[in-house]
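Here is a walk through one protein chain. Keep the coordinates open and follow the residues as they come up.

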Amino acid sequence: MNEQGPTPIHQLIQKLIAQSPHQHKMVEASVINAWHHYMPAIVSKGTKRMYVKQSKIFVEINSSPLRHQLQNNKQNIVERLQPHVPGYIIDDIVFIA
């Protein structure tokens, strides 16, 4: 036990995740969860697949008009998702066909 008293469980979990070799998958899961939770239903349903690679989110969209609209609002989407992935910087979102 340290001199400051017991450590809260959420701090221990964050420390464990930060040291985990699977941290990338945890970030990816957080991004995907935030995407489906905070984006409108039409966007969520139009998403085929998502993955995270080198601070970029790759999103496969099944509708060209929807993909174009999302491309135009890319910065707003990044600002909407960033608070839900603490400790990870989202540089860009790439929409693919």
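**A walk from helix to strand**

His36 sits in helix H2, which covers residues 23–38. Keep in mind that the model is predicted. His36 counts as partly exposed, because its relative accessibility is 37%. That value lies between the limits of 20% for buried and 50% for exposed. Set aside the neighbours within four places in sequence, and His36 is in contact with Ser44 and Thr47. His36 and Arg67 are 31 residues apart in sequence. In space, their C-alpha atoms are 16 Å apart.

Stay in helix H2 for a charged pair. Glu28 forms a salt bridge with Lys25, and the closest N and O atoms are 3.4 Å apart. Why are Glu28 and Lys25 separated by about one helical turn? They are three residues apart in helix H2, so about one helical turn lies between them. Is Glu28 buried or exposed? Glu28 is buried, because its relative accessible area is 12% and buried means under 20%. Lys25 counts as exposed, because its relative accessibility is 52%. The limit for exposed is over 50%.

How many salt bridges does a search of the whole structure find? The search finds three. Side chains of opposite charge can pair when their charged atoms come close.

Move on to the strands. Glu60 forms a salt bridge with Arg49, with 3.2 Å between the closest N and O atoms. This pair links distant parts of the chain: Glu60 belongs to strand E2 and Arg49 to strand E1, eleven residues apart. Glu60 is buried, because its relative accessible area is 16%. Arg49 counts as partly exposed, because its relative accessibility is 46%.

Strand E1 spans 47–53, strand E2 spans 56–61, and Gln54 lies in the loop between them. Ser55 is found in the loop between E1 and E2 as well. Check the backbone angles here. Gln54 is not a glycine, yet it has a positive phi of about 50°. Ser55 is likewise a residue other than glycine, and its phi is positive, near 65°. What about the cover around Gln54? Gln54 is exposed, because its relative accessible area is 68%.

Asp92 is partly exposed, because its relative accessible area is 22%.

Finish at helix H1, and leave the charges behind. Helix H1 runs over residues 9–19 and includes Ile9. Which residues make a nonpolar surface patch of about 290 Å²? The patch is made by Ile9, Leu12 and Ile13. Ile9 counts as exposed, because its relative accessibility is 60%.

Key. Residues numbered from 1 in each chain as written. Predicted model: local features only at pLDDT ≥ 70, side-chain atom pairs only at ≥ 80, totals over all residues. Heavy atoms only, no water. Patch = residues over 30% accessible without salt bridge, like charges linked within 9 Å, V, L, I, M, F, W, Y side chains within 5 Å. Areas by Shrake-Rupley, 256 points an atom, 1.4 Å probe, with all protein chains shown as cover. Salt bridge = Lys/Arg side-chain N within 4 Å of Asp/Glu carboxyl O. Helix = DSSP H or I, 4+ residues; strand = E, 2+ residues; numbered from the N terminus. Buried < 20%, exposed > 50% of the residue type's maximum accessible area, 1.4 Å probe, protein only. Contact = heavy atoms within 4.5 Å.
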